[in-house]
Amino acid sequence: MSLVTEVAAADSQRALVHFSAMLEWETDCWDVHDALSRGKQDFVLLDVRSHALYAAGHINGAISLPHGKIVATTMKNYAAETLFVVYCAGPHCNGAIRAAIRLSGLGLPVKTMPGGVTGWLDEGFSLISDVA
C-alpha cells in the first residue's frame, strides 16, 4: 500500500460536492484570460501585490490594489454584487487569500486565481508593464 492509497478516496457523491464547491471559491488563469480576450469581463480583476510589482508586470485589465489597502473606504464605489477576482505572485504567495478574506469580510463576492502571475505565465499568457 502506498501513501496515496493509505487513506481511501472519498465516495463519488462526496467528491462531487467537494469539487463542485471549489469553483465557488476560485477560478483559473485560462478562464480569466478567456473572459478578458473575448470582452466578457463580468468581474473586477485585482492584482493584490505591491504597486511596484504591479508596475513591473501585470495582467492587462487588472487593477493594482495591494491586499492591505482593501478596506471599506477603497471599496465604497463598487456595487455590493461586484465579483472580484484576486491574484498575487503565484501558488507560493498568500496575498490573494488575504485579499479574499478582506473582501469577503466587507460583504463582497470574491474568487481567487490560485496560479497568480506564475500560473498566467505558465499558460503562455503575457504581462504588461508600466515601467519604461
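Okay, let's start with strand 3, residues 84-87, where both faces are covered. Phe 84 and Val 86 sit on one side, Val 85 and Tyr 87 on the other, and all of them are buried. Keep in mind that this is a predicted model.

So who are the neighbours? On one hand there's strand 1, residues 44-47, which runs parallel to strand 3 and is joined to it by 4 bridges. If you look at Val 86 in strand 3, you'll find Leu 46 standing opposite.

Now strand 4, residues 110-112. Strand 4 also pairs with strand 3 in the parallel sense, this time over 3 bridges. Here Val 86 has Thr 112 as its bridge partner, and Phe 84 stands opposite Val 110.

How does the chain get from strand 3 to strand 4? Through helix 6, residues 95-105: strand 3, helix 6 and strand 4 make a right-handed β-α-β unit.

What is the order of its strands? The order is 2-1-3-4, in an open sheet of 4 strands with parallel pairing.

Definitions and conventions:
Residues are numbered from 1 along each chain as its sequence is written. This is a predicted model: local features need pLDDT of at least 70, side-chain atom pairs count only at pLDDT 80 or more; totals for chains, interfaces and linings use all residues. Side-chain values use heavy atoms; hydrogens and water are left out. Buried means under 20% relative accessible area, exposed over 50%, partly exposed in between (1.4 Å probe, protein chains only). Helices (H or I, at least four residues) and strands (E, at least two) are DSSP runs, numbered from the N terminus. Two strands pair if DSSP finds at least two bridges between them. A crossover is right-handed if, with the strands pointing away from the viewer, the path from the first strand over the helix to the second runs clockwise.
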